[in-house]
Amino acid sequence: MADTAPVTLYRNELIAGFERGGSALRETCTTEGMVKGNQIVFDIVDSGGASAVTRGASGNIPARTDNNTQVTCTLEEWHDLAKKTNFNIFQSQGNQRAVMQDTTIKVMGRKADDQIITALNTGTLYAGLAAATLSLSKAMHAVSVVLSNNVPLDNNVNGLLTPAAFAYLMQVNEVTSKDFVTDTKMVNAPRMFMWAGIRWMVHTGLPGAGTNAETLFVYHKAAIGHGMDTGGMDVKMGYHDEQDYSWARCTGYMGAKLLQNAGVCKIRHDGSAYAATA
């Protein structure tokens, strides 16, 4: 006969699993909404590289026209639908209906970021040819590529890092030491921090994350567009009487598009040394 009677306690308050939730990147893009339709046209306007002129022989100033480039972003419908039978909800821990609603919103937020990253990855400008670990020189190479294309350093330039790239950057004195920078608090790091006039963010959804072929990005807000229906995400919950199940659905109509290739620089990065080992 056992001399103890162990008791198992199932905690009613659920613990969220580790996953990306919500969109972190829409604020770094030029965004637009629409009421009806499936395409948003962004108009990129410049002088066409014009130079100032003197008056002509006739005494008149030669006129010119501005250069307009229209870029079309196509929206598509995206959904996430979660279902649980009433019995499964009854026998499970916590508020499973609320869990379904929360996770389905996270799924759609991740989709928005994935669209933006896919659009950024269509850029063709790189800082160097070979993948290496992130250094001060490599970070400044990417900044130089963008600024060389007349991109303004106006608090709208963003840098996307993998966790490994962030780890390397935090070992650079010129980034963290008060001998080089006036603000070393990095209050929101690694989620977001300012350095060298650029807003750096850590994102786990970048191409090749955790491998020797990661892709990092430095880009201006005006270089990438993201469109969404003006109503935003449609989040619904309900109960099906006949089949006795509850459901939660999240729907969004959205799309992303590279607007100006000159405003995006990609960095080939080797993050394999900081990948998890068994």
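Author: Welcome! A pocket here is an open set of points on a 1 Å grid over the protein atoms alone, where a 1.4 Å probe fits, with protein on both sides within 12 Å along at least five of seven lines; lining residues have an atom within 4 Å of a point. The model is predicted, with local features needing pLDDT of at least 70 and side-chain atom pairs 80 or more, while totals for chains, interfaces and linings use all residues. Numbering starts from 1 along each chain as written, and side-chain values use heavy atoms, leaving out hydrogens and water.

Reader: Which residues lie nearest the centre of the second largest pocket?
Author: Eleven residues line this pocket. Those nearest its centre are Arg20, Ala24, Val202, His203 and Thr204.

Reader: Which strand gives the largest share of the lining of the largest pocket?
Author: Strands (E, at least two residues) and helices (H or I, at least four) are DSSP runs, numbered from the N terminus. Three lining residues, the largest share, come from residues 39-46, strand β2.

Reader: Which strands stand at the edges of the open five-stranded sheet?
Author: The sheet has mixed pairing and the order β6-β7-β5-β8-β12; strands pair if DSSP finds at least two bridges between them. Two strands each have a single partner, so one side of each lacks a neighbour in the sheet: β6 (193-195) and β12 (264-269).
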